[in-house]
Amino acid sequence: MRTFDIDLLIFVASIVANLSLAYVVFLHAQDTKRKYAFIAFVCAQTAWAVTNYFSFRMASPETFLWFARFTLFFAVFHTYAFFFFAQSFSNNLINRWLGRMLGVIAVTVAGTALSPLTFTMLDVNTLGEFNPRTGPGMAVFGVFDMFMLLGGLAVLIKTFSGSKDERRQQIKYLLFGLGLTVAMILVLILLNFLFLGNLTLI
């Protein structure tokens with residue numbers, strides 16, 4: 001089996017698994033707020049994965065550049081949804097004013113991600129590989145994503161420290177899984193791109 005076929009098989013399997021999990025949660029989760037926060041998180045993650053996968057299969061530099069920008073666009077909402085999914089487990093809910101302000105900031109950063117402020121132009125190396133040049137908007141994207149990821153993790157840690165018995169065990173497993181996800185995003189994806197310029201892991 002060719003590498004492309006294996007990549008496609010893994011990609012399709014991961015998308016099906018994500019959407020199936022969201023569907024199961026939709027059918028059986030009791031907490032409405034937590035249910036819809038998780039579904040939003042999975043949908044944003046799926047959109048991020050789809051645009052990222054197809055961006056590296058674009059032959060046209062212009063099409064690749066737009067797919068790369070849309071990858072960042074959905075990455076903004078992925079981390080935004082992650083924060084509010086983590087927040088849904090807290091007993092101290094975020095106030096409505098702050099929630100709306102974060103929403104406005106997320107939309108602004110996502111809009112910036114689609115502009116030349118993040119990827120200004122595209123270079124092509126000697127191997128014919130595309131390499132986007134970053135602009136000042138990339139720093140805004142990086143700060144926002146790290147704030148959302150670390151903020152969501154901090155909320156879960158605080159929730160874990162204040163919980164007891166069965167709920168404490170549930171939060172512990174959730175914290176482990178999401179904490180591992182955050183570590184992989186920050187180390188293998190976000191920091192790898194910001195400091196090494198490697199787009200392949202976004």
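User: Why is Trp-48 called buried?

Analyst: This is a predicted model, where local features need pLDDT of at least 70, side-chain atom pairs count only at pLDDT 80 or more, and totals for chains, interfaces and linings use all residues. Trp-48 has a relative accessible area of 11%. Buried means under 20%, exposed over 50%, partly exposed in between (1.4 Å probe, protein chains only). So Trp-48 counts as buried.

User: Where is Trp-48 placed?

Analyst: In helix α2, residues 32-55. Helices are DSSP runs of H or I, at least four residues, numbered from the N terminus. Residues are numbered from 1 along each chain as its sequence is written, and side-chain values use heavy atoms, with hydrogens and water left out.

User: What makes Gln-87 buried?

Analyst: Its relative accessible area is 7%, so Gln-87 is buried. Gln-87 is found in helix α3, residues 61-87. Leaving aside neighbours within four places in sequence, Gln-87 is in contact (heavy atoms within 4.5 Å) with Asn-92, Leu-93, Ile-94 and Val-155.

User: Why are α3 and α4 called roughly antiparallel?

Analyst: α3 and helix α4 (residues 96-113) pack at an angle of about 165°, with their axes 8 Å apart. Axes are lines fitted to C-alpha atoms over the stretch in contact, and angles run from 0 to 180 degrees between N-to-C directions. Angles under 35 degrees count as roughly parallel, over 145 as roughly antiparallel, 65 to 115 as roughly perpendicular and the rest as oblique. Therefore α3 and α4 are roughly antiparallel.

User: Which residues of α3 and α4 meet?

Analyst: Among them are Phe-73, Phe-77 and Tyr-80 in α3, and Leu-102, Ala-106 and Val-109 in α4.

Definitions and conventions. Helix = DSSP H or I, 4+ residues; strand = E, 2+ residues; numbered from the N terminus.
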